[in-house]
Amino acid sequence: APQTLQAYRASLLYFRADPAFDERAHVWHEDGLLVVADGRIQAAGDYASLAPTLPTDALVHDYRGMLITPGFIDTHLHYPQTDMIASPAPGLLPWLDTYTFPTERRFDDPAHGRAVAEFFLDELLRCGTTTAMVYCTVHRASVDAFFEASEARDLRMVAGKVLMDRHCPDFLRDSADIGGRESAELIATWHKRERNLYAITPRFAPTSSDEQLRTAAELARAYPDTFIQTHVSENADECAWVRALFPSSRSYLHVYDQFGLMRPRAMFGHCIWLDEQDFARMADTGAAAAVCPTSNLFLGSGLFDFEKADGARTLLSLGTDVGAGTSFSMLQTMNEAYKVARLKGSYLPALRMFYLATLGAARSMQLEGVIGSLASGNEADFIVLDPKATPLMARRTAHCGTLDEMLFALALLGDDRAIRATYAAGRKVHERAA
Ligand code: GUN
Ligand code: ZN
């Protein structure tokens with residue numbers, strides 16, 4: 001039976017273009033109405049013009065004083081690392097050895113995977129994130145556990161089995177053959193089942209043999225509408241390692257390019273040490289960057305260069321990179337992205353940050369028209385933000401002169417407390433306790 005029409009009265013914000021390159025990129029309805037039916041957005045507009053068009057049995061939810069935006073999209077994080085968030089180590093490689101690999105080992109137990117996946121999805125929804133690109137572990141059961149949990153909640157999630165067949169502990173090692181076969185089977189089971197989507201997931205170049213990278217690329221060609229996700233140019237020691245392992249490659253990114261892993265729907269985490277040629281290649285191939293500022297500051301990896309990336313018009317999005325990232329909140333991720341941009345001499349207006357966390361990510365994933373917008377026809381994944389969520393936020397947002405100032409205060413001061421409610425496919429999947 002069709003759902004009753006649901007309507008939500010609040011301020012509405014979404015994007016139809018990138019505000020860095022288009023002054024009329026955002027859509028704003030101060031007193032707006034969002035109309036939802038059967039899990040999709042039917043209309044978004046001014047309350048005064050849309051309210052009279054509603055059928056008499058429509059349910060109107062009053063969120064006046066709140067702000068509705070598309071649900072946030074986190075394009076890079078690791079669900080198995082939830083329990084090791086905030087683990088100290090002097091840099092990426094010791095952090096992987098000391099905490100990450102032993103933590104991921106436990107995901108050979110499907111019950112453990114299921115329990116962590118449930119907590120992880122609860123936490124994403126509490127923070128207003130409705131879509132994420134998620135690394136599982138090398139264990140296929142970790143992927144089944146994640147997708148089962150995501151399907152039960154009818155979420156639009158992207159995830160994949162980590163491929164690694166060298167330079168890692170034996171207990172986390174697959175092979176080119178086994179990794180390729182298991183990935184193909186997982187694609188057959190999960191890709192496009194309900195709202196789930198599959199990502200071919202070589203962890204990073206140091207932990208995959210040439211043969212495994214070739215196998216990953218073959219899969220990516222055989223299943224062109226799957227995603228690819230990996231790490232690139234995060235940390236200086238890692239970059240030096242890759243130069244030693246692949247002496248004939250022009251750059252770290254070029255390693256993936258040589259194997260045929262750059263294409264639309266390929267999401268490269270970090271991209272800190274890329275040069276102009278690399279960013280141009282990203283743009284030319286339609287690959288996208290997941291910028292992960294809380295992780296990069298935490299591990300001391302480096303500062304993403306927004307100006308260089310924008311110079312090449314590279315597709316950009318934001319990732320938390322939990323467990324190296326220190327928060328599940330995309331608001332906190334914006335906060336740190338802003339400061340990273342400042343330290344590199346560039347500047348991120350608040351509208352740009354909200355774009356990157358919504359439509360920018362959807363475009364990076366070739367999912368424009370599906371998620372990341374309140375335009376009619378999109379899936380009804382949206383959040384209700386409370387600009388007065390804390391006493392300090394209430395005091396600060398009471399006297400904002402412009403929309404940009406209000407959004408900036410929300411990004412800099414906000415976290416999970418600012419998420420009043422989260423909706424996925426038109427259903428309420430989180431509501432903040434009063
Ligand atoms: N590079 C390879 N694996 C990882 C990981 O799990 N986290 C981060 N931040 N970088 C990586
Ligand atoms: Zn990562």
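**Entry 1: ligand shell.** I worked from a predicted model. I then listed the surrounding residues: His78, Leu92, Leu96, Thr100, Arg203, Phe204, His231, Glu234, Ser295, Asp321 and Ala324. By class, I recorded four nonpolar, four polar and three charged residues in this shell.

**Entry 2: annotation.** I consulted the UniProt record next. The unreviewed entry places the feature "domain: Amidohydrolase-related" at residues 68-429. Over that stretch I noted 44% helix and 17% strand. The C-alpha atoms at the ends of residues 68-429 are 15 Å apart.

**Entry 3: domain assignment.** I compared this with the domain assignment of the chain. Domain 1 is given as 6-70 + 373-431, and domain 2 as 72-348. I noted 29 Å between the centres of the two domains, taken over C-alpha atoms.

**Entry 4: contact between the domains.** I looked up how many residues each domain brings to the contact: domain 1 contributes 18 residues and domain 2 contributes 19 residues. On the side of domain 1 that touches domain 2, I identified three elements that each supply at least two residues: helix H16 (403-413), strand S15 (419-424) and strand S16 (427-431).

Technical notes: Residues numbered from 1 in each chain as written. Chains lettered and ligands numbered in written order. Predicted model: local features only at pLDDT ≥ 70, side-chain atom pairs only at ≥ 80, totals over all residues. UniProt positions renumbered as here; feature names shortened; annotations may be inferred. Helix = DSSP H or I, 4+ residues; strand = E, 2+ residues; numbered from the N terminus. Domains from an automatic or database assignment. Contact = placed C-beta atoms within 7 Å. Near = placed C-beta within 6 Å. Nonpolar A, V, L, I, M, F, W, Y, C, P; charged D, E, K, R; others polar.
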